[in-house]
Structure formats: structure tokens, C-alpha cells
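Here's a quick tour for anyone meeting this protein for the first time. Have a look at the model, then read on.

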Amino acid sequence: MNGSRRDFIKKASLLGASLYTGANAFSASSYRRILGANERINIGVIGFSDRHKGAHAPSFLAAYKDLNFDIIAVSDIWRLRREEGTDFWKQKLGHDITSCRNNEELYGLKDIDAVMISTADFQHALHAIEAVKAGKDAFVEKPLAETMDDARAVLKAVRDSGKIVQIGSQRRSGANYFAADDFIKSGKFGDIVMVELTWNVNQPGRWRRPSLVAKLREEDVDWRRFLLNRPYEAFNARHYLEYRLFWPYSSGIPGQWLCHQIDTVHWFSGLPHPRSVAVNGGNYVWKDGRENADTFTAVFDYGPFDDKTKGFQVLFKSRQTNSGVADGEEVKEIYYSNGGTLNLDTNKITPLGGLTEKYASMMGLKPNLLPETSLNDIRVATSADTGGDPVTMAHIRNWMECVRSRREPNAPVEAGYNHSIAVIMANAAYRTGQKVIFDRERQEVIAGDKVFKY
């Protein structure tokens, strides 16, 4: 895949705001040469969420006519959102939409070919398993899983099924990220020696839904279906609608933001997961009953795993209490080598921090300074607002293309499995206060001498 992507990126046209849709991109005319290209592909929506309405919907609408897709059903266990979803898509598409009280009803429809899943964080893996076992392709939002039991189960189910599953890690469909991957894998950058990741906001209402919480009544929602394999508790409207603030329904910052940025580390380095992590953080400002941190700092160790691997650290910092960094941007992804810096906010490769003549000569070495290089001439925003942006549009289009072509999408299930390991490790370290390691043989997250479950 890497070779074909490198070849293709040189000649691929850029989609929308100059974004590359990946090695699997096809022109509209190409579909006429694909078996079944004239057959409409029918999609079911699982979870009419803010993410679906704000990001999936505009992305789908930008591509569905060209690729001959349709949405025919909405499944949501809350009556209000189920009604909103069917009305929304009926207005957008101009035909009736089947309303489904749960996923069993949706999979009972004979015409569903694939689904788009944007439910609560802890449900993604289980809903993906349902989808592929029902014989459907799926677009599955991140994080893929919040426990290793769920992660292993979804990895096996998807691999066994042979279905096309794209994980919602949209950076894997961004032009600048393809260019960065090419540059690093070419050897020109040198070995990665450090990565700094930052994701800050100053939004007291982030992940809060007070107006919706006031509308949610237990009789209008299937609470037991919401809980799935999590321990039973009495109905709680905040846990249902503000799940990102509460464990075990979400890890919060790791599952929402770390998973995006750590995925690029795995992609660029070729390493599947961290070796260990230490974390500190807490609720320092927003005293609103939340259980997940508003401030979170993690230090990951990546290798060396063997004699051929050179290790490095990854520093991830996130706060919901102040949005600024040095030059005013909320989000940063910076890679360092001995020769300089690759900055995925500016899309610049520079000699900043590289080995200069002065210090090289002291050790009888040659200076090592990267030339000033631009990844591309287009600055692709890495904003903390991950809504219906052109990168997401490219990512969903890539999935739709792969459903037709049966090629591997840009973010396959393995990418989701690997980011889940990092997310679960970080969450375990935060909750136990211990340094956490990953047992490669057992594929388990170990905190102290115990396997981390919840």
C-alpha cells in the first residue's frame, strides 16, 4: 500500500479544498468499469448524533450522487433523535426514511448494504461487530474501543468477515499527512527522536448537553441497550448524553483527541503501539460532576522493541481550560529528528534543532541539518473543531469508494486497534496512577501487576 500510495499521490487530483483521498480514489467514470458499479448502495445510519449530523451528513451529501449511494434508514434508541434523524434525511434526500428503534430492526431490512456508526465511545466496537456479523460494511467513528476485550473482539470480527471497515481517523485522508508519511519513510527525515502532540480548548461546554439532558426521559430511550456490556446502573440522562465526561462510557480526552494524533505516530513510524506510558492530570477547573479529566498529560515510550528499532518518546498534552500555545494555535503535531523538525501545523520541514557544525565538530561528526522544505503548498487545518471539514469529506468519500472497489480503506481496522491500545494504556495510567505497559504476547494492558479492565 505504501508504494502504491507514493506513486499515486504524484498524479492524484486533490479533492475539495485540495485534499488527497488516498490510493483508492477513482474518477466517476472509473466506476463504470467496476462490477456492480451501477447498483445503488444503501446505507443505514446507526446513531443520529451531533457527529453524524455535523460531519458525516455533509460528507455523504458531497459524494452520494457521484458514487450512487443512498441513505434509507436511521437506527437510534432514543425516540427524539430517531425522529429527528428520519426527518433530517427525508428532507435532504427527498424520499421516505425507515425509522428503526434498534439495530436489530435495521439489520432486518433486506436492502441495507452498509452502515455509518457514530454512537457513544464505548459502543463503537460492539456496533461494528454487529455490523460485520450482519454482513454489512461500516464506517465506524473513533475511538474504536475503550477496553482490550472489545478491541480484540472487533479486530477478529472484522478480519473474519472480509468487510470494508473504515475507522474515523480522518488524518489518514489528508494530503499533508500523506506527504509527511512519504518524507519520513523515504529516510530523508532521519529517525524520529521525539514527538510532541498538543490538543487544547477553552470550552466549558465541550461535551456538555444540558438542554438535551432536560429533554431525555427514561421511557423514551432503551437504557439497557445503551449500557451494552458495561455494568448495570440506574438510568442517568447525563451518562447517556454527556458520556464523554464519564468512565466507563468514555475515557474523555484520550478517546476523543489522543486517538487522532497517536494514530499518525503509528502510521509514520510503523510501530503498532507504545511500550509504556505514564500520565498525570485531573479536574482542575470544570467542577460540573464530570469524572474524566479536564487536563491530561501523557508520556509514551515507543521502543526500542528489538535490536533494529530505535526508540523515541511521545509527549501528549491536552487541556480544556486554556486554548493557547506559544503561537496561538490550539492543536500541534511536531516530529523531531536529529536533523530538524517536521511540523504538521505549518506543513514545514526545517533544520530547527538539528545538529549544528559547532556541536558536531566537538565529537568528530558532520553537521546534520535538514533543508527547509514544504510538505505542500496548502495548509490543511488541524483544528480542534473536527466537524464537516474537507479532510473528513475526503475520508468518508474514500470509504464509499472502497465499498465499491473492495480495496482496503485509508484507515482499516488495524489502525483503530492500534490507537485503541494507546488510548486504553493512557486511561489505565490515569485511573490507577501507575506506569502502564503493554504485554505484546497477551495483548493486554498491564497496570502494576494487574490486567486493566475498567
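## The whole protein

Of the 454 residues in the protein, 57% are buried, meaning under 20% relative accessible area, with exposed over 50% and partly exposed in between (1.4 Å probe, protein chains only). This is a predicted model, where local features need pLDDT of at least 70, side-chain atom pairs count only at pLDDT 80 or more, and totals for chains, interfaces and linings use all residues. Residues are numbered from 1 along each chain as its sequence is written, and side-chain values use heavy atoms, with hydrogens and water left out.

You'll find 14 helices and 17 strands here; these are DSSP runs numbered from the N terminus, with helices being H or I of at least four residues and strands E of at least two. Take the contacts (heavy atoms within 4.5 Å) between residues at least 6 apart in sequence: 74% of them join residues at least 24 apart.

## Helix 5

Helix 5 spans residues 124-133, and eight of its 10 residues are buried. Those eight are His124, Ala125, Leu126, His127, Ala128, Ile129, Ala131 and Val132. Their cover includes strand 1 (41-46), helix 4 (103-107) and helix 6 (148-161). Just past the end of helix 5, Gly135 has a positive phi of about 85°.

## Leu245

Leu245 sits in the loop between helix 10 (237-241) and helix 11 (253-269). Is Leu245 buried or exposed? Leu245 is buried, with a relative accessible area of 1%.

Setting aside neighbours within four places in sequence, Leu245 touches Arg206, Trp207, Arg208, Arg238, Arg290, Glu291 and Asn292. Arg290 is 45 residues away along the chain, yet its C-alpha atom is 5.1 Å from that of Leu245.
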